[in-house]
Every structure is written in C-alpha cells, then in structure tokens.
Amino acid sequence: MKVLPFKVIKTAKESFLFQIDDQKWFYDSLHQHPEIQIMYIEKGRGSVIAGDYVGNFKEGELYIIGSNQPHVFRSNPEYYDESNDLKVKAKHLFIHKQLFGKEFILMPELKKVNYFLDESDLGFLVEGASKTMIIDLIESIEIKEGLSRIIGLLEILQHLSDCATLKTLSNLRANYEKGSEGTRMNNIYSFTFSEFTRSIQLEELASISNMTVTSFCRYFKQRTRKNYYTFLNEIRIGHACKMLLKNDISIADAGFQSGFNNLSYFNRKFKEIMHITPGEYQRSFLKEG
C-alpha cells in the first residue's frame, strides 16, 4: 500500500468535476490528487487523515482537501459488514487551482478567493452558519449547466473565501510523500488503524518501516510534527468517542476497548485531546439523544 496518485476523471465537456459517492464505504487508501477537493458528507462516519491531521468525520460535515494533500476517509468497521444496510454518501467538487487561468484568478476582485485557494493546501473543516449555504450551492451544481455551473462554482469559492469559521486541519504544506516513501507512511497508518486496540511497540513500527527505532521516531516526527504515541492516542480517543455514544458501555470499557489498559491514563489523555472528561462527553451526547 502507498499514497496513491488518484486520477480524477472528468469529460472534455466540463472544466471541473462534480461527483456523488453513494456506496458501502469510502475509498479507504491513503491517496492524493492535484485537484482541490470540496467534500460534503451526507451519510457516514469514520476516521479522517489529512496531512498530519487525524480526526473523525460524520454526516453533515464539509471538508476542503488541499491540492496533493495525502488524505483518507476510512469508514467505521461496521460499514464493511455486508450483513447490514449501512451506506455512505458524499458529494464532491474537484477543481484545479489554475482552473480559470492565472490572469483571471489574480484580478483584484478575486484577491480573497486566490488567498483561499493558496491556504487550502492545509485542508479545512467548514463550520459556522455559512456551511449550510455552501452545502446548498454544492447540491445545486448537480442540475446546472454551462455558464450557470461556472457561476455556481464561483459563488461557492466566494462564500468559502469569506467564511470566518474555517478550521485548519493540517500543519504541513507541500513536500508530500510519493513513491516508496508514500508506501512507508501508508503502511504505518494502515498498521495503526488495524492494531490500535492492543499494545503497540515501537519495534513493530520500525520493522514494517525497515528502520531502526531511533530512525523511525525521527522519520515520523519530521513528517507529522508529532511523535508516534501522540498519533496513536488520537486514533484511540477517536474510537473511544464512538464507543461512549452507546448507552450500554461504561467509561472504563470504552477505554479498554480503545487500547488503553489504565483508566486514569485514559481519562487524562481523553481530556488532553477532547478538552472535556469522558463522562462529560458521554453525558452531553446522551442528553442530546
């Protein structure tokens, strides 16, 4: 497995691609493409990696994935179970930064749009009141043709460039991995997603990376700006959050089933990452339900 160079296919009759995914799970290999991706998740839950960002996605969220930013939206395990009828659905726009040409995008009137396109390399989660309007515009693209379609895209970019509630996802810009180095990083991610519920030793990661432990630690820190166990704990806490949404599970069980063998350590790491305790998190969601 590696960071796959994903080919976005559009016809000669369109300058950008509008795509709907309606299936059992999302494309779940770490991949990248030169197009900026605007992704509205209509259905589905799981884990997301974008650059050095690790988190969870859910229905109703709107993401911006930067040009050539390694990313993956990995559906929760239950979506891979063919015995249920769970499905995911997302609507995407794939656009090149130079879609309109250099002279057009540098027009004074498009200064904010140009700045947004440059900053999109880091990836964003769109929040706040403007998200609903942007989602409506994305959905309207499906039925538009010709110049109306281009105008619709410009409206989306205008609202995104004016949006004051964009949450930056990654701290990394450009210099993304390709080839054998991309393969190595994806092997690390894949191994972690498969094994995070048990104790993981650095020697294991070093082995699958064909490195010494010291070299692996330095390699991972250089590419993600965090040490491996910080990354692992983020994956574990993300899983614990899903577990805590179930009425019949205790905080201790959520921690143990997420790879923590010490309750006090789980509580401490949960608050460090989520900024509230596991109990507060569980009560807030169960109350909403």
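Among contacts in the protein chain between residues at least 6 apart in sequence, what percentage join residues at least 24 apart? The share is 72%, a contact being heavy atoms within 4.5 Å.

**Figure 1. The protein chain as a whole.** This is a predicted model, in which local features need pLDDT of at least 70 and side-chain atom pairs count only at pLDDT 80 or more, while totals for chains, interfaces and linings use all residues. Residues are numbered from 1 along each chain as its sequence is written, and side-chain values use heavy atoms, with hydrogens and water left out. The chain has eleven helices and eleven strands, taken as DSSP runs numbered from the N terminus (helices H or I, at least four residues; strands E, at least two). Of its 289 residues, 47% count as buried, where buried means under 20% relative accessible area, exposed means over 50%, and partly exposed lies in between (1.4 Å probe, protein chains only). The chain exposes about 14,700 Å², of which carbon and sulfur atoms supply 52%, the areas coming from the Shrake-Rupley method with a 1.4 Å probe.

Figure 2. Leaving aside residues up to four places away in sequence, S47 touches G55, N56, F57, V72, F73, R74, N76, F193 and K242.

**Figure 3. The aromatic pair of F216 and F220.** Rings of Phe, Tyr and Trp (its six-membered ring) pair if their centres lie within 6.5 Å, and planes under 30 degrees apart count as stacked, over 60 as edge-to-face and the rest as tilted; by this rule the count comes to 16 aromatic pairs. F216 and F220 form a tilted pair, with 5.9 Å centre to centre and 35 degrees between the planes. Because they are four residues apart in helix α7 (residues 213-224), F216 and F220 are separated by about one helical turn. F216 is buried at a relative accessible area of 0%, and F220 is buried with a value of 0%.

**Figure 4. Y228, Y229 and the ring cluster.** Y228 and Y229 form an edge-to-face pair, 5.8 Å centre to centre with 65 degrees between the planes. Y228 counts as buried at 4% relative accessibility, whereas Y229, at 33%, counts as partly exposed. Ring pairs link Y189, F216, F220, Y228, Y229 and F231 into a cluster.

**Figure 5. Arginine charges over phenylalanine rings.** A charge sits over a ring if NZ of Lys or CZ of Arg is within 6 Å of the ring centre and within 35 degrees of the ring normal. The charged end of R149 lies over the ring of F16, 4.5 Å from its centre, and that of R236 lies over the ring of F260, 5.8 Å from its centre.
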